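Here's a quick briefing for anyone opening this structure for the first time. Have a look at the sequence and the 3D view, then read on.

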Amino acid sequence: MRRAATKKAKGTSEWSRRRLLGILAAAVAVAVLLLGGLAYAVYLAIDGIGDEASANTGVATGETERSTVVRGAAHRDEIAAEPMLTVPESAAFPAETTSAKAPEIKIPTGTGVNGPAFVMTGFPHTPEGAIGQLAQIDLAVLQSMSLSTAEEVYNAWALPGGVRAEDWWITASVRAFLSSTGMGEVKDPSASVSLEPAAALVKGTDGPDWATVCVLMKVSATYKSEGQIAFAHCERMQWVGGRWMVAPGTPPAPAPATWPGTQLAHEAGWRTWSTDHTIEPAHPGDTEGEH
């Protein structure tokens, strides 16, 4: 009897962990399904792929050149919508890492001062600065797991001309997590979610004031059990008013959610996150972008 009871307790614990992992996976999948099809449709229209054209099987794995000359809206749409590596849902779960070392990407620190909606700001006027700012936007929303916080952050950091706050990639992920756990509109006090930036890439730029950048996070969640998953997010970013903001336009194609350091993560183009403390942070009053 004692052995049977032990076996049952162990099974219950494992089921609870699997359920939490399923919830985390659902949060990622909902966002991909919501935006992925739309982004890819835009790419097909821009790239002229039709019945008489051969399909482009290439995928974006990072910036090939840094554009210093602005080419305009069509070029920006093409960069954002270009498909990235398609990976299975299981790729997001913890897995064995490869001994091959991925290239690093040095991400500057901000000022440590909270900007609008209590999001840390002060990142420099570079694509890597845009990555640092996007990571802070994601951290502010996903660690709170609150729909009202997601709306507040998006409205404070997104320029007009994009999706609505309730349709934003991150809002959809928060909604899926809360709905799957039955928590309502805010995270249960007994639950915790923490994120660690692990990798990033610059997908493309158009002049100094615009970039599509991507971040890859390790997410650890605790709610009656513990689980980890990789969370990937790409966003158009634009330099306006001395800070990087979410730029208008159709959201980028979904980023590949791969466990950091795996062979698949390398193939997807992810570069290992390295904090750079040598670059001066941006301060209020820095030059505004005009594009």
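This is a predicted model: local features need pLDDT of at least 70, side-chain atom pairs count only at pLDDT 80 or more; totals for chains, interfaces and linings use all residues.

Helices (H or I, at least four residues) and strands (E, at least two) are DSSP runs, numbered from the N terminus. Residues are numbered from 1 along each chain as its sequence is written, and side-chain values use heavy atoms, with hydrogens and water left out.

**Around H233**

- H233 has 0% relative accessibility, so it counts as buried (buried means under 20% relative accessible area, exposed over 50%, partly exposed in between, using a 1.4 Å probe and protein chains only).
- Leaving aside residues up to four places away in sequence, H233 touches L134, D138, W168, W169, I170, V213, C214, V215 and A255; contact here means heavy atoms within 4.5 Å.
- With D138, the side chain of H233 also makes a side-chain polar contact at 2.9 Å. A polar contact is a pair of N or O atoms within 3.5 Å; within protein, one must be able to donate a hydrogen and the other to accept it, and residues adjacent in sequence count only if both atoms are side-chain atoms.
- H233 and A253 are 20 residues apart along the chain, and 9.4 Å separates their C-alpha atoms.

**Aromatic rings**

- You'll find two aromatic pairs in the structure. Rings of Phe, Tyr and Trp (its six-membered ring) pair if their centres lie within 6.5 Å; planes under 30 degrees apart count as stacked, over 60 as edge-to-face and the rest as tilted.
- Y154 and W168 make a tilted pair, 5.0 Å centre to centre with 40 degrees between the planes. This pair links distant parts of the chain, 14 residues apart: Y154 is in helix α4 (residues 147–157), and W168 is in the loop between α4 and α5 (169–181).
- Both Y154 and W168 are buried.
- W239 and W244 have ring centres 5.5 Å apart and planes at 70 degrees, so they're an edge-to-face pair. W239 and W244 are buried too.
- Over at W157, the charged end of R243 sits over the ring, 4.5 Å from its centre (this needs NZ of Lys or CZ of Arg within 6 Å of the ring centre and within 35 degrees of the ring normal).

**Salt bridges**

- Side chains of opposite charge can pair when their charged atoms come close.
- How many salt bridges does a search of the whole structure find? It finds four, a salt bridge being a side-chain nitrogen of Lys or Arg within 4 Å of a carboxyl oxygen of Asp or Glu.
- One of them joins the side chains of R236 and D77 (2.6 Å, N to O). R236 lies in strand β4 and D77 in helix α2 (residues 73–81), so this pair ties together parts that are 159 residues apart in sequence.
- R236 is buried at 4% relative accessible area, while D77 is partly exposed at 24%.
- R164, E166 and D167 are linked in a salt-bridge network: R164 meets E166 at 3.3 Å, N to O, and its closest N and O atoms with D167 are 2.9 Å apart.
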